[in-house]
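Reader: I am new to this model. Please take me through it one question at a time.

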Amino acid sequence: MAQAVGPEIMPERQPCKGERDLAWRVSCTLRRQQCESASPDAVSGPKACGRLVGMDNPAAEKAPNPWLAMTIDDAREYDERKETYPLRNHVALSRRVAWELILPHLPNDKSLEVLEVGGGTGFWSIRLALEGWRVMLTDPAQGLLDCAREKLLALGLLDKVTIMSADVCDLSAFASESRRLVLAMGDPLSYCGDAVKALREVWRVTQAGGVLIGNVECRYRGIDARRAPSWSDAQRILTEGIGYWPGPHHHLAIQMFTPSEFRSLAESVGWQMQVMRPSDLLLSLVGRELLNDAFARGIDLEELAELELRLGEDPSLLGAGTDIWFVMSKPR
Ligand SMILES: C[S@@+](CC[C@H](N)C(=O)[O-])C[C@H]1O[C@@H](n2cnc3c(N)ncnc32)[C@H](O)[C@@H]1O
């Protein structure tokens with residue numbers, strides 16, 4: 001389940017005004033930060049900053065991760081957008097389907113702490129905490145974590161969820177083989193800049209027999225106005241699996257996978273793939289307008305979820321979802 005610029009993803013693929021505004025603000029913040037931190041000898045003024053981070057500088061070695069530039073206000077707005085009609089229905093459907101993947105793997109012993117990587121504003125940590133599980137919520141974006149803390153405080157759940165800043169590519173704060181269940185929901189493996197490194201780190205901290213559940217962006221369904229405003233973008237995505245955030249700036253590349261490629265990658269690290277499913281399948285198959293029509297007619301979410309779950313069993317549709325859901329285990 002992904003979400004918008006920079007910070008984006010949900011089943012949303014068409015950037016709405018709010019997303020474009022957010023993208024723009026994130027880009028501006030990044031530019032401002034780069035201007036402020038750059039040596040005056042290296043760059044001066046906004047134009048030079050544009051060159052420093054712009055797409056016209058392919059040599060830019062370490063492109064910034066736009067999630068890290070989000071403030072708590074951006075995070076609140078990001079959450080709010082997902083609660084706004086009609087996007088909230090798409091988000092609710094996507095989460096309903098995702099919950100079916102998670103449910104069978106929740107530990108019986110609720111004192112075992114679940115690790116969430118790339119947990120952002122804490123939707124899944126909160127969901128688990130509300131049902132009695134303990135969670136370690138990690139993310140490298142402080143603005144998102146601050147927003148998560150605010151929500152957890154309001155819900156009285158801070159005793160159930162520990163918050164820690166961490167990049168999924170560096171989980172050195174966690175002991176090896178210390179986790180039974182790890183969640184990587186909303187595509188952090190696509191955004192972290194090195195999915196193999198991330199998969200190795202999660203592998204290290206996971207116990208034998210433990211499980212990793214999450215999703216990654218799908219290459220075949222990712223070609224839309226948000227990821228590919230031009231033919232060259234579409235071509236790059238199809239041939240290299242590299243997408244970028246909307247806007248003119250050189251952000252960290254987004255890794256967009258084919259199902260078979262992601263499976264091979266995970267298996268090369270040692271994971272055993274248990275389940276792969278397309279996400280947001282009804283949206284892909286019938287389009288936003290018809291699905292909005294279903295929502296407007298009051299068709300029950302459970303009915304839609306049941307249909308989506310059934311269709312998602314068909315292996316021929318695996319590359320048809322906006323993301324690829326996965327459940328993988330570390331062999332005993
Ligand atoms: C679409 S959000 C999903 C948030 C949350 N998991 C959810 O499902 O609501 C993607 C998340 O990936 C996180 N992310 C980006 N780069 C990351 C990295 N290097 N390590 C871990 N998380 C990262 C972002 O900060 C953001 O919280």
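## Questions about the model

Reader: Where in the chain is Glu177 found?
Author: Begin with the terms: helices (H or I, at least four residues) and strands (E, at least two) are DSSP runs, numbered from the N terminus. Glu177 is found in the loop between β3 and β4.

Reader: How should I read the numbering, and what is the pLDDT cut-off for side-chain atom pairs?
Author: Residues count from 1 along each chain as its sequence is written. This is a predicted model: totals for chains, interfaces and linings use all residues, local features need pLDDT of at least 70, and side-chain atom pairs count only at pLDDT 80 or more.

Reader: What is the phi of Glu177?
Author: Most residues other than glycine have a negative phi, and most peptide bonds are trans. Glu177 has a positive value, near 50 degrees.

Reader: Is Glu177 buried, exposed or partly exposed?
Author: Count the other C-beta atoms, placed from the backbone, within 10 Å of the residue's own: 20 or more means buried, 12 or fewer exposed, and in between partly exposed. Glu177 has 14, so the class is partly exposed.

Reader: Asp187 also has a positive phi. Is Asp187 buried or exposed?
Author: Asp187 has phi near 70 degrees. Its place is the loop between β4 and α7. It has 26 C-beta neighbours inside 10 Å, so Asp187 counts as buried.

Reader: Which peptide bond is cis, and in which loop is Pro86?
Author: The bond from Tyr85 to Pro86 is cis, with omega near 0 degrees. Pro86 has its place in the loop between α3 and α4 (87-102).

Reader: How many helices and strands does the protein chain have?
Author: The chain has 332 residues, and 46% of them count as buried. Its elements are 12 helices and nine strands.

Reader: Why is strand β5 described as largely enclosed, and how many of its residues are buried?
Author: Strand β5 covers residues 206-217. It is largely enclosed by the rest of the structure because the buried residues number nine of the 12.

Reader: In which sense does β5 pair with β4, and in which with β9?
Author: With β4 (residues 179-184) there are five bridges, in the parallel sense. Leu183 stands opposite Ile213 in β5. With β9 (residues 323-329) there are seven bridges, and the sense is antiparallel.

Reader: How do α3 and α6 pack, and how far apart are their axes?
Author: Two packed helices are described by the angle between their axes and the distance between the axes. Axes are lines fitted to C-alpha atoms, for helices over the stretch in contact, and angles run from 0 to 180 degrees between N-to-C directions. Helix α3 (residues 72-82) and helix α6 (residues 142-155) pack at an angle of about 65 degrees, with the axes apart by 7 Å.

Reader: Which residues of α6 do the α3 residues meet?
Author: Residues are in contact if their C-beta atoms, placed from the backbone, lie within 7 Å. From α3 come Ile72, Asp74, Ala75, Arg76 and Asp79. In α6 they meet Gly143, Leu144, Asp146 and Cys147.

Reader: Which residues come nearest the ligand?
Author: A residue is near a molecule or strand if its C-beta atom, placed from the backbone, lies within 6 Å of it. Helices α5 (123-130) and α7 (188-191) each supply at least two residues of the shell. Of the 25 residues around the ligand, the nearest are Trp67, Gly118, Gly120, Gly186 and Cys192.

Reader: Which residues does Tyr191 touch, not counting those up to four places away in sequence?
Author: Tyr191 lies in helix α7. It counts as buried because it has 29 C-beta neighbours inside 10 Å. Pro66 is 125 residues away in sequence and 9.3 Å away in space, C-alpha to C-alpha. Tyr191 touches Asn65, Trp67 and Ile254.

Note on methods: Two residues are in contact if their C-beta atoms, placed from the backbone, lie within 7 Å. Two strands pair if DSSP finds at least two bridges between them.
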